Amino acid sequence: MDFQNRVGSKVGSGGVASSSETNRDRRERLRQLALETIDLNKDPYFMRNHLGGYECKLCLTLHTNEGSYLAHTQGKKHMDNLKRRAAKEAADNPQLNGPALAAPRVDVRKFIKIGRPGYKITKQRDPHTLQNSLLFQVDYPEIAEDVEPKHRFMSAFEQKVEAPDRQWQYLLVAAEPYETISFKISSREVDKTAGKFWTFWNKDTKTFFLQLHFKADRTEANTRPTMGFGPSANPLNPYMASVPPPPPPMLPPPTM
(Lines give C-alpha, C1' and ligand atoms only; values in the text may rest on other atoms or scores of the structure.)
Protein backbone atom coordinates (compact mmCIF):
# COMPACT_ATOMS: atom_id res chain seq x y z
CA MET A 1 0.00 0.00 0.00
CA ASP A 2 1.27 3.42 -0.89
CA PHE A 3 1.35 5.39 2.38
CA GLN A 4 3.56 8.11 1.00
CA ASN A 5 1.11 9.69 -1.41
CA ARG A 6 -2.01 9.61 0.83
CA VAL A 7 -3.14 13.09 1.77
CA GLY A 8 -2.94 13.84 5.46
CA SER A 9 -1.58 10.43 6.44
CA LYS A 10 1.68 9.36 7.99
CA VAL A 11 3.45 6.03 8.15
CA GLY A 12 2.02 4.08 11.08
CA SER A 13 -1.14 6.20 11.47
CA GLY A 14 -4.76 5.36 10.58
CA GLY A 15 -6.60 6.63 7.53
CA VAL A 16 -8.38 9.97 7.23
CA ALA A 17 -11.79 9.91 9.00
CA SER A 18 -14.82 10.39 6.79
CA SER A 19 -17.52 13.02 7.43
CA SER A 20 -19.90 10.45 8.93
CA GLU A 21 -17.23 9.20 11.31
CA THR A 22 -16.44 12.80 12.30
CA ASN A 23 -20.12 13.51 13.04
CA ARG A 24 -20.45 10.30 15.02
CA ASP A 25 -17.40 11.18 17.09
CA ARG A 26 -18.77 14.68 17.70
CA ARG A 27 -22.12 13.33 18.88
CA GLU A 28 -20.40 10.91 21.19
CA ARG A 29 -18.30 13.67 22.74
CA LEU A 30 -21.45 15.80 23.21
CA ARG A 31 -23.21 12.85 24.80
CA GLN A 32 -20.43 12.25 27.25
CA LEU A 33 -20.32 15.95 28.11
CA ALA A 34 -24.08 16.08 28.61
CA LEU A 35 -24.03 13.02 30.85
CA GLU A 36 -21.57 14.77 33.10
CA THR A 37 -23.36 18.13 33.27
CA ILE A 38 -27.09 17.44 32.83
CA ASP A 39 -29.34 15.77 35.40
CA LEU A 40 -32.08 13.94 33.50
CA ASN A 41 -34.24 13.69 36.61
CA LYS A 42 -34.75 17.45 36.44
CA ASP A 43 -35.63 17.47 32.73
CA PRO A 44 -39.44 18.00 32.47
CA TYR A 45 -39.57 16.44 29.00
CA PHE A 46 -37.62 13.25 29.80
CA MET A 47 -39.79 10.17 30.38
CA ARG A 48 -39.16 6.44 30.71
CA ASN A 49 -41.83 4.32 29.03
CA HIS A 50 -43.05 0.85 29.93
CA LEU A 51 -40.85 -0.76 27.25
CA GLY A 52 -37.63 0.34 28.89
CA GLY A 53 -36.96 3.07 26.36
CA TYR A 54 -36.96 6.83 26.69
CA GLU A 55 -39.24 9.49 25.22
CA CYS A 56 -39.12 13.22 24.69
CA LYS A 57 -42.55 14.58 25.70
CA LEU A 58 -41.86 17.82 23.88
CA CYS A 59 -40.93 16.40 20.48
CA LEU A 60 -42.70 12.99 20.85
CA THR A 61 -39.57 11.07 19.88
CA LEU A 62 -38.39 7.61 21.07
CA HIS A 63 -34.84 6.84 22.21
CA THR A 64 -33.11 3.59 23.13
CA ASN A 65 -30.79 5.00 25.80
CA GLU A 66 -30.04 8.15 27.74
CA GLY A 67 -27.21 9.10 25.45
CA SER A 68 -29.53 9.11 22.47
CA TYR A 69 -31.95 11.38 24.32
CA LEU A 70 -29.19 13.77 25.34
CA ALA A 71 -27.97 13.94 21.75
CA HIS A 72 -31.53 14.75 20.72
CA THR A 73 -31.70 17.62 23.22
CA GLN A 74 -28.74 19.22 21.49
CA GLY A 75 -30.37 19.00 18.07
CA LYS A 76 -32.22 21.64 16.06
CA LYS A 77 -35.67 20.06 16.39
CA HIS A 78 -35.60 20.06 20.17
CA MET A 79 -34.22 23.61 20.30
CA ASP A 80 -36.92 24.93 17.96
CA ASN A 81 -39.65 23.28 20.00
CA LEU A 82 -38.24 24.83 23.18
CA LYS A 83 -38.42 28.28 21.57
CA ARG A 84 -42.01 27.70 20.46
CA ARG A 85 -43.01 26.55 23.94
CA ALA A 86 -41.36 29.57 25.54
CA ALA A 87 -43.13 31.93 23.13
CA LYS A 88 -46.50 30.31 23.81
CA GLU A 89 -46.04 30.51 27.59
CA ALA A 90 -45.02 34.16 27.30
CA ALA A 91 -48.16 34.92 25.28
CA ASP A 92 -50.42 33.08 27.74
CA ASN A 93 -48.82 34.64 30.82
CA PRO A 94 -47.61 38.16 29.97
CA GLN A 95 -47.00 38.92 33.66
CA LEU A 96 -44.16 36.40 33.66
CA ASN A 97 -42.11 38.49 31.24
CA GLY A 98 -41.36 41.17 33.79
CA PRO A 99 -42.75 43.01 36.78
CA ALA A 100 -46.42 43.64 36.41
CA LEU A 101 -47.35 47.25 35.84
CA ALA A 102 -49.47 48.70 38.58
CA ALA A 103 -52.99 49.23 37.34
CA PRO A 104 -54.25 52.79 37.70
CA ARG A 105 -56.43 53.13 40.74
CA VAL A 106 -59.96 54.26 39.97
CA ASP A 107 -62.17 55.37 42.80
CA VAL A 108 -65.62 53.81 42.51
CA ARG A 109 -68.36 56.26 43.29
CA LYS A 110 -70.97 54.79 45.59
CA PHE A 111 -74.49 56.15 45.87
CA ILE A 112 -77.40 55.43 48.15
CA LYS A 113 -80.42 54.44 46.07
CA ILE A 114 -83.33 56.85 46.46
CA GLY A 115 -86.02 54.95 44.55
CA ARG A 116 -87.34 54.68 41.03
CA PRO A 117 -87.72 57.64 38.69
CA GLY A 118 -90.98 58.73 37.13
CA TYR A 119 -91.58 57.92 33.50
CA LYS A 120 -94.04 58.30 30.66
CA ILE A 121 -94.46 56.09 27.59
CA THR A 122 -96.14 57.26 24.38
CA LYS A 123 -97.11 54.89 21.59
CA GLN A 124 -96.82 56.36 18.11
CA ARG A 125 -97.14 55.30 14.48
CA ASP A 126 -95.27 56.80 11.54
CA PRO A 127 -97.90 57.90 8.96
CA HIS A 128 -95.49 57.41 6.06
CA THR A 129 -93.79 54.09 6.85
CA LEU A 130 -96.53 52.78 9.20
CA GLN A 131 -93.82 51.80 11.69
CA ASN A 132 -94.82 51.44 15.33
CA SER A 133 -92.68 53.50 17.70
CA LEU A 134 -92.34 54.10 21.43
CA LEU A 135 -91.29 57.36 23.09
CA PHE A 136 -89.87 57.01 26.62
CA GLN A 137 -89.65 60.01 28.91
CA VAL A 138 -87.87 59.44 32.24
CA ASP A 139 -87.53 62.17 34.89
CA TYR A 140 -84.42 62.36 37.10
CA PRO A 141 -84.87 65.49 39.26
CA GLU A 142 -82.29 64.35 41.85
CA ILE A 143 -79.68 62.90 39.49
CA ALA A 144 -76.07 62.98 40.67
CA GLU A 145 -73.71 65.65 39.41
CA ASP A 146 -71.91 64.94 36.13
CA VAL A 147 -73.99 61.81 35.55
CA GLU A 148 -76.02 61.13 32.42
CA PRO A 149 -78.56 58.31 32.04
CA LYS A 150 -77.42 55.17 30.25
CA HIS A 151 -79.51 52.60 28.42
CA ARG A 152 -79.12 49.18 26.85
CA PHE A 153 -81.23 46.32 25.51
CA MET A 154 -81.44 42.97 27.29
CA SER A 155 -82.77 39.71 25.87
CA ALA A 156 -85.34 37.65 27.72
CA PHE A 157 -82.76 34.90 28.29
CA GLU A 158 -80.29 37.30 29.92
CA GLN A 159 -82.56 38.46 32.72
CA LYS A 160 -83.27 36.32 35.81
CA VAL A 161 -86.49 37.91 37.10
CA GLU A 162 -89.10 36.31 34.82
CA ALA A 163 -89.31 33.09 32.87
CA PRO A 164 -87.59 33.54 29.48
CA ASP A 165 -89.97 34.28 26.62
CA ARG A 166 -88.55 34.90 23.16
CA GLN A 167 -91.49 37.22 22.33
CA TRP A 168 -90.17 39.94 24.65
CA GLN A 169 -87.03 41.96 25.25
CA TYR A 170 -86.13 44.57 27.86
CA LEU A 171 -84.95 48.16 27.67
CA LEU A 172 -82.91 49.19 30.71
CA VAL A 173 -82.36 52.81 31.76
CA ALA A 174 -80.01 53.65 34.63
CA ALA A 175 -78.81 56.82 36.35
CA GLU A 176 -77.36 57.28 39.82
CA PRO A 177 -78.63 57.50 42.51
CA TYR A 178 -81.91 56.11 41.15
CA GLU A 179 -82.67 52.42 40.75
CA THR A 180 -82.36 50.90 37.30
CA ILE A 181 -85.73 50.56 35.60
CA SER A 182 -86.66 48.15 32.84
CA PHE A 183 -89.33 48.32 30.15
CA LYS A 184 -90.70 45.10 28.68
CA ILE A 185 -91.15 45.58 24.94
CA SER A 186 -91.73 43.36 21.94
CA SER A 187 -88.74 41.41 20.68
CA ARG A 188 -89.16 42.78 17.15
CA GLU A 189 -86.07 44.20 15.48
CA VAL A 190 -85.41 47.84 16.29
CA ASP A 191 -84.76 50.19 13.39
CA LYS A 192 -81.56 52.06 14.26
CA THR A 193 -81.23 54.09 11.09
CA ALA A 194 -80.86 57.87 11.25
CA GLY A 195 -83.95 59.52 12.69
CA LYS A 196 -85.54 56.24 13.77
CA PHE A 197 -83.62 55.74 17.01
CA TRP A 198 -82.43 58.66 19.11
CA THR A 199 -81.79 59.73 22.71
CA PHE A 200 -81.65 63.16 24.32
CA TRP A 201 -80.74 64.29 27.83
CA ASN A 202 -82.18 67.63 28.83
CA LYS A 203 -79.93 69.00 31.56
CA ASP A 204 -82.27 71.87 32.34
CA THR A 205 -85.40 69.83 33.03
CA LYS A 206 -83.36 66.69 33.91
CA THR A 207 -85.46 64.57 31.61
CA PHE A 208 -84.18 61.71 29.49
CA PHE A 209 -85.88 61.01 26.14
CA LEU A 210 -85.55 57.88 24.04
CA GLN A 211 -87.53 57.02 20.93
CA LEU A 212 -87.32 53.81 18.96
CA HIS A 213 -89.04 52.49 15.86
CA PHE A 214 -89.70 48.85 15.13
CA LYS A 215 -88.91 47.68 11.64
CA ALA A 216 -92.09 47.27 9.61
CA ASP A 217 -92.89 43.64 8.96
CA ARG A 218 -94.45 42.25 5.82
CA THR A 219 -98.00 42.63 7.07
CA GLU A 220 -97.61 46.31 7.94
CA ALA A 221 -95.96 47.07 4.61
CA ASN A 222 -98.92 45.62 2.76
CA THR A 223 -101.47 47.75 4.64
CA ARG A 224 -100.12 51.03 3.30
CA PRO A 225 -102.70 52.89 1.14
CA THR A 226 -101.83 53.47 -2.52
CA MET A 227 -102.73 56.78 -4.23
CA GLY A 228 -105.79 57.31 -2.07
CA PHE A 229 -107.70 54.31 -3.47
CA GLY A 230 -107.96 52.46 -0.17
CA PRO A 231 -106.11 49.28 0.85
CA SER A 232 -104.06 47.54 -1.81
CA ALA A 233 -105.49 44.36 -3.28
CA ASN A 234 -102.80 42.12 -1.80
CA PRO A 235 -103.79 38.56 -0.80
CA LEU A 236 -101.28 38.77 2.12
CA ASN A 237 -103.04 41.80 3.59
CA PRO A 238 -105.33 40.66 6.43
CA TYR A 239 -106.88 44.14 6.61
CA MET A 240 -107.99 44.24 2.97
CA ALA A 241 -111.61 45.30 2.67
CA SER A 242 -113.76 42.26 2.12
CA VAL A 243 -116.02 42.32 -0.94
CA PRO A 244 -119.36 40.49 -0.56
CA PRO A 245 -119.89 37.64 -3.04
CA PRO A 246 -122.30 38.27 -5.94
CA PRO A 247 -125.92 37.10 -5.42
CA PRO A 248 -126.91 33.74 -6.93
CA PRO A 249 -128.65 33.85 -10.35
CA MET A 250 -132.46 34.02 -10.32
CA LEU A 251 -134.13 30.80 -11.45
CA PRO A 252 -137.41 30.92 -13.45
CA PRO A 253 -140.53 29.86 -11.50
CA PRO A 254 -141.57 26.25 -11.95
CA THR A 255 -144.29 25.57 -14.49
CA MET A 256 -147.43 23.73 -13.45
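Cys 59 counts as buried, at 8% relative accessibility, where buried denotes under 20% relative accessible area, exposed over 50%, and partly exposed the range in between (1.4 Å probe, protein chains only). The model is predicted: local features need pLDDT of at least 70 and side-chain atom pairs count only at pLDDT 80 or more, while totals for chains, interfaces and linings use all residues. Residues are numbered from 1 along each chain as its sequence is written, and side-chain values use heavy atoms, with hydrogens and water left out.

The sulfur of Cys 59 has its closest cysteine sulfur in Cys 56, at 3.9 Å, which is too far for a bond. Cys 56 is likewise buried, with a relative accessible area of 1%. A disulfide is a covalent bond between the sulfur atoms of two cysteines; it was assigned here to a pair of cysteine sulfur atoms within 2.5 Å. By this criterion, a search of the whole structure returns zero disulfides.

Cys 56 also takes part in strand pairing, as it stands opposite Thr 61 in β3. Strands (E, at least two residues) and helices (H or I, at least four) are DSSP runs, numbered from the N terminus, and two strands pair if DSSP finds at least two bridges between them. Strand β2 (residues 54–56) and β3 run antiparallel and are joined by three bridges. Both belong to an open sheet of three strands, in the order β1-β2-β3, with antiparallel pairing. The edges of this sheet are formed by β1 (46–48) and β3 (61–63); each has a single partner strand, so one side of each is left without a neighbour in the sheet. On average, neighbouring strands of the sheet are turned by 30° against each other, direction ignored. For such angles, axes are lines fitted to C-alpha atoms, for helices over the stretch in contact, and values run from 0 to 180 degrees between N-to-C directions.

His 72, located in helix α2 (residues 66–73), is buried at 13% relative accessibility. Leaving aside neighbours within four places in sequence, His 72 is in contact (heavy atoms within 4.5 Å) with Cys 56, Cys 59, Thr 61, His 63 and His 78. The side chains of His 72 and His 78 are joined by a polar contact of 3.4 Å. A polar contact is a pair of N or O atoms within 3.5 Å; within protein, one must be able to donate a hydrogen and the other to accept it, and residues adjacent in sequence count only if both atoms are side-chain atoms.

A further set of pairings involves strand β7 (residues 168–174), of which five of the seven residues are buried, so that β7 is largely enclosed by the rest of the structure. Strand β6 (residues 150–155) runs antiparallel to β7 and is joined to it by six bridges, with Ser 155 opposite Gln 169 in β7. Six bridges also join β7 to strand β8 (residues 181–186), again antiparallel. In this pairing Tyr 170 stands opposite Lys 184 in β8, and a hairpin of six residues joins β7 to β8.

Overall, the secondary structure comprises four helices and 11 strands. Of the 256 residues of the protein, 26% count as buried. Among contacts between residues at least 6 apart in sequence, 46% join residues at least 24 apart. The accessible surface comes to about 19800 Å², of which 56% belongs to carbon and sulfur atoms; accessible areas come from the Shrake-Rupley method with a 1.4 Å probe, and for residues only the protein chains shown count as cover.
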